[in-house]
Amino acid sequence: MASARSEALRETIPLDGTPERRIEGLVDHAKMRAVYVYEAPVRLWHWVTVLAMIALAVTGYLIGKPLSSVGGEASEHYVMGYVRMIHFISGYVFAIGFLGRIYWHIVGNRWSRQLFMPSLFSGKFWGGLVHQVKFYLFLTDEPRAYVAHNPLANLAMFLMFALVGLFMIFTGFALYSEGLGIDSWAGKMFGWVIPLLGQSQDVHTYHRLGMWIMVMFAIIHIYMAFREDILSKQGIVSSMVNGYRYFKD
Ligand code: HEM
Ligand code: HEM
């Protein structure tokens, strides 16, 4: 058991001078190896995006199903106006953060490139993905150690976050351009999305569907992060807090 884990570690921890430190005697004199995986900009981006997405999902839900119980003239209390305003501000935060994350894909460390570029053409990636599915289905109790994302997490993040996130930005700013006008910068850059997908109401529907995909991703992602943290004996959650992934062998 232990030797298989060490084997997996040898396979997945690159020995290329990555900043790394050995921590000995912290937990019952166990040896822990730590690899610096998520650099500060990635962590900052992750948590800002989490906050933006919570605001976007709540306000977006309300935009589609407005609060009919709010009394009085809309122009007097302007509740839905504020809901939309919060949505647009968080939309900008999400989109600018996304651009910043693409920049960090270019200048960041090797693990910063996994989100937008999973190793889809590698047999090892797909083998690891099948193993991970078996692990989650309790068909094997042997967790594999990965420095950054396991292949299943990586694929889910690519499909359900990176691609859907991009779709949300394009459809979001296309809808936004309806308010700003076709001559606005948003109209010029994103206006074409509306006729491509049908008409305005179709774009609303797809944008809303995108929200549910991202909400599903977030729920499963948070569950997996904690589950993996407990069952795989790796410091998963801490890696998005202080950047280090700890391996207790
Ligand atoms: C994670 C990202 C996002 C989520 C989860 C999200 C969610 C939603 C939802 C659920 C709706 C209501 C759709 C409906 O039922 O009609 C909506 C509407 C809208 N969203 Fe987003 N959105 C996101 C990103 C964006 C971005 C980046 C923008 C760009 C500014 C944006 C702009 C809009 C606009 C303009 C509307 C229509 C508002 C209206 O008709 O009053 N969204 N969004
Ligand atoms: C709206 C909610 C969330 C979204 C959309 C989200 C999204 C993401 C994305 C896209 C990544 C990949 C980062 C990259 O490669 O640059 C990631 C990684 C990660 N997130 Fe989240 N996250 C959310 C909430 C959380 C929460 C609440 C936690 C805390 C438990 C968390 C913990 C982590 C961890 C530990 C990783 C690294 C996982 C790994 O190495 O496989 N996330 N998240």
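This is a predicted model: local features need pLDDT of at least 70, side-chain atom pairs count only at pLDDT 80 or more; totals for chains, interfaces and linings use all residues.
Residues are numbered from 1 along each chain as its sequence is written, while chains are lettered from A and ligands numbered from 1 in the order in which they are written.

Start with the fold. The chain has nine helices and three strands. Helices (H or I, at least four residues) and strands (E, at least two) are DSSP runs, numbered from the N terminus. Along the sequence the pattern reads α-β-β-α-α-α-α-α-α-α-α-β. Of the 249 residues, 21% are buried. Buried means that 20 or more other C-beta atoms, placed from the backbone, lie within 10 Å of the residue's own; 12 or fewer means exposed, and in between is partly exposed. Contacts are pairs whose C-beta atoms, placed from the backbone, lie within 7 Å. Among contacts between residues at least 6 apart in sequence, 59% join residues at least 24 apart.

Now take H2 and H4. Their axes come within 8 Å and cross at roughly 150°. Axes are lines fitted to C-alpha atoms, for helices over the stretch in contact, and angles run from 0 to 180 degrees between N-to-C directions. The two helices are therefore roughly antiparallel, a label for angles over 145 degrees. The contact of H2 with H4 involves 15 nonpolar, eight polar and two charged residues. Here Ala, Val, Leu, Ile, Met, Phe, Trp, Tyr, Cys and Pro count as nonpolar, Asp, Glu, Lys and Arg as charged, and the others, Gly among them, as polar.

Turn to ligand 1. It is surrounded by 24 residues, each with its C-beta atom, placed from the backbone, within 6 Å of the molecule. The closest are Gly60, Gly64, Gly91, Gly172 and His204. H2, H4 (79–107), H6 and H9 each give two or more residues. H2 gives the largest share, seven residues. By class, the shell has 15 nonpolar, seven polar and two charged residues.

Ligand 2 has 19 residues around it, the closest being Leu115, His149, Phe161, Ala218 and Met240. H2 (40–64), H6 (151–180) and H9 (200–231) each supply at least two. This shell has 14 nonpolar, five polar and no charged residues.

Finally, look at proline 118, in the loop between H4 and H5 (123–136). Leaving out residues up to four places away in sequence, proline 118 touches Phe125, Asn154, Leu155 and Phe158. Proline 118 and methionine 157 are 39 residues apart in sequence and 9.2 Å apart in space, C-alpha to C-alpha.

Definitions and conventions:
Two residues are in contact if their C-beta atoms, placed from the backbone, lie within 7 Å. Angles under 35 degrees count as roughly parallel, over 145 as roughly antiparallel, 65 to 115 as roughly perpendicular and the rest as oblique.
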